[in-house]
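Open the model in your viewer and keep the selection tool ready. We will start with the whole chain, then go residue by residue.

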Amino acid sequence: MSVDTPTYTIAVRELCEFTAKQGDLDLRFTPGPSAQEGMAGHAMVASRRGGRYQAEVSLSGMHGALRVRGRADGYDPDKGLLEEIKTHRGDLARQPANHRHLHWAQAKIYGALLCQKFELPKLRVALVYYDIASQQETVLSETCSAAELQQFFEQQCERFLAWAAQELAHRGARDAALQGLRFPHAEFRAGQRPLAEAVYRAASAGRCLLAQAPTGIGKTVGTLFPLLKACPTQRLDKLFFLAAKTPGRGLALEALRLITGGTDAPPLRVVELVARDKACEHPDKACHGESCPLARGFYDRLPAARSAALAGGVGTSGSPLDQARVREVALAHQVCPYYLSQELVRWSDVVVGDYNYWFDLGAMLHGLTLANDWRVGVLVDEAHNLLERGRKMYSAELQQADVAALRSKAPPAVKPALDRLHRAWNALNKAQAADFEVHEKPPAAWRDALQNAIAALGEHFADGQSPNDAPLLRFYFDALHVTRVLELLDENSQVDVTIAERRGTRVRSTLCLRNLIPAPHLRGRFEAAHTTTLFSATLTPQGFHEDTLGLPKHTAWIDVESPFEARQLSVRIARHISTRWQQRADSLAPIVELIVRQYEKSPGNYMAFFSSFDYLQQVVALLQATHPGVPQWAQSRAMDEASRQQFLARFTEHGQGVGFAVLGGAFAEGIDLPGRRLIGAFVATLGLPQVNPVNECVRERMDRRFGAGYDYAYLYPGLQKVVQAAGRVIRTTSDEGVVILIDDRFAKPQVRGLLPAWWQVVAAAG
């Protein structure tokens, strides 16, 4: 092979996933052990071996333009034995045959590479299945000659070589086109160029960037474009655009359509990831071939579906593989859309999805990046949301009420374990005097009872029983998540028990493993990426995010100057009104008067933001009663997508009225209502989180760690919501409008200092 011939590198597992998977998609032998349980299982097996046994043996080999690499789990040179270790839970006899077929393929590839490395004439290849519950090993072995293993290795490589050649050609064409990529508009918007330059510099230096940039300047295009330009020089395999909410994904896909819409656009493969419940075609069926028609023969039909998707959804067609396109291809080939999209990630250039795909405990994109040694660039949209989302990702809770409800209908094999857990929970409640208490760790009896319940449920589901019992299955997954989070419990988290119900002698509680500071868990995600840019209009102060998110020490920072002028936005403080809890009732009439006065002075579309639905509804009711002529509409709890669209549809260019919404909700960020569609906003309260036992725990922990407990727990998160909500008013350099901040505390210097510098704030008349 010529030295100029490009080499395609692939991990052993990925090669076998491509060449050796066959038959049905079958999730009945899952969920598998957690990553920590898997590592512990591998370590346990290795500790039982003696002599010169070697664990994690690094191997690689070439076949044509293909370089195959990986780590064999174990090798005993004295016995001439290679081991491929697989941890599991449940009866191994129920493992689907195609799983076993895949494991043998991996073992034999490692065997071939090992024979190459040590020039062995033959080798015993073994699959070692380790049950994490019983700690028992099941060993299956074959003795193979080096020639047999080499032949198997070459067969698998040959099956992949044509695809590898296609991928190398795609990568070359992609990078060549990206080098000449032009900005999709005639010129940059004000503020967009410095943002793009900062993203490119961060990528070139392999650094993180924290970028604060005003709403309305085009941050999505301003971050995607420079990172795409950096791909060839920084040898980036993939870009991950991570959004906090659905509208963010839509904006990213639209920006990518714009960037790749020209005649000389790069052949860019873009895939959107959506939640399983939104992609599932048969929610009433289980994920295996005996139940779901789209799981039956999934891996047999996958190659054609994969080829069709990549041929029809890329390049100058300007058609990213969004949810609709993936569904179209999947149904044409009768495969599951959700799992097709996950497969397409491996062959994509840009992935658009939610935060959890990179940051959470079992993040798919992070796992694939590590397994394949990808070099990736990450964009985190509306990054002010990452702190709260990060806390949720590394928290877990169980409700006793769920256990109580399940016991009455539980199958006989499971009921005793749930009864035991319920008794342990009652003992926990009996020992707790207050409605909320923090514990160092869950009581041993409760923890043991939970493990016992998990084991019983695992055996029950592994037997193929009750596959569609959604409540029982959901509890099983929730319980497993609790045990995995429990492994991570440290000084950044706490265990708390909240009494949710007291009715006579009956008490029900919720046990929560609550993360307070996600920094240690998120830090590894930043380290795994070549470059990460976190961007938002509200990232002040810088140190708050660096501390709580675990950003690297040398994270770059840019605060993009606003392109908007103070004359465009009249910002007034209603200092005569207090929205503190104690004065909440007294604030209703003055707020209604303020809204009506502004509306009558300048009729048009306004939004009024409140800290809770209760507060919002009280103001709405009073406005309806006293001024029925003012058109109004309000956000409600748990609005579906259609209802949200109806809410926004009221904001027309020539419309008039007031839309009521909650701070931090679906309408307080990520929506675009330029021109006369929105000419003003009323923001009641500072958006401070409610003072309650949980938030007080956050304040105390933040104070202990960073010395600014109140600011970190209450003030900074609250003001972020305020600025985001106010940012809905001015979206372009020609927009004009008004923002009225309703609370006397907005006049305090500490609070004023957290508002955008380009605002000129004045006191409103009482």
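**Start with the charges**

Select the charged side chains. The mean positions of the 87 positive and 82 negative charges are 2 Å apart. Here Lys and Arg count as positive and Asp and Glu as negative, while His and the chain ends are left out. Each charge is placed at NZ of Lys, CZ of Arg, CG of Asp or CD of Glu.

Two notes before moving on. This is a predicted model, where local features need pLDDT of at least 70, side-chain atom pairs count only at pLDDT 80 or more, and totals for chains, interfaces and linings use all residues. Residues are numbered from 1 along each chain as its sequence is written, and side-chain values use heavy atoms, without hydrogens and water.

**The whole chain**

Zoom out. The C-alpha atoms fill a box of roughly 90 × 70 × 50 Å along the principal axes. Now switch to cartoon view. The chain has 26 helices and 24 strands; these are DSSP runs (helices: H or I, at least four residues; strands: E, at least two), numbered from the N terminus. Of the 766 residues, 56% are buried. Buried means under 20% relative accessible area, exposed over 50%, and partly exposed in between (1.4 Å probe, protein chains only).

Select Gln234 in helix α6, residues 219–234. Is Gln234 buried or exposed? Its relative accessibility is 11%, so Gln234 counts as buried. Show its neighbours: leaving aside residues up to four places away in sequence, Gln234 touches Ala203, Ser204, Arg375 and His530. Touching means contact, with heavy atoms within 4.5 Å. The side chains of Gln234 and His530 also make a polar contact at 3.2 Å. That term means a pair of N or O atoms within 3.5 Å; within protein, one must be able to donate a hydrogen and the other to accept it, and residues adjacent in sequence count only if both atoms are side-chain atoms.

Step to Arg235, in the loop between α6 and β8 (238–243). Arg235 is exposed, at 51% relative accessible area. Its phi is positive, about 55°, although it is not a glycine.

**Two more backbone stops**

Most residues other than glycine have a negative phi, and most peptide bonds are trans.

Go to Gln135, in the loop between β5 (122–131) and β6 (137–145). Gln135 has a positive phi of about 60°. Gln135 is partly exposed, at 39%.

Finish at Pro541, in the loop between β16 (531–536) and α20 (542–549). Look at the bond joining Thr540 and Pro541: this peptide bond is cis, with omega about -5°.
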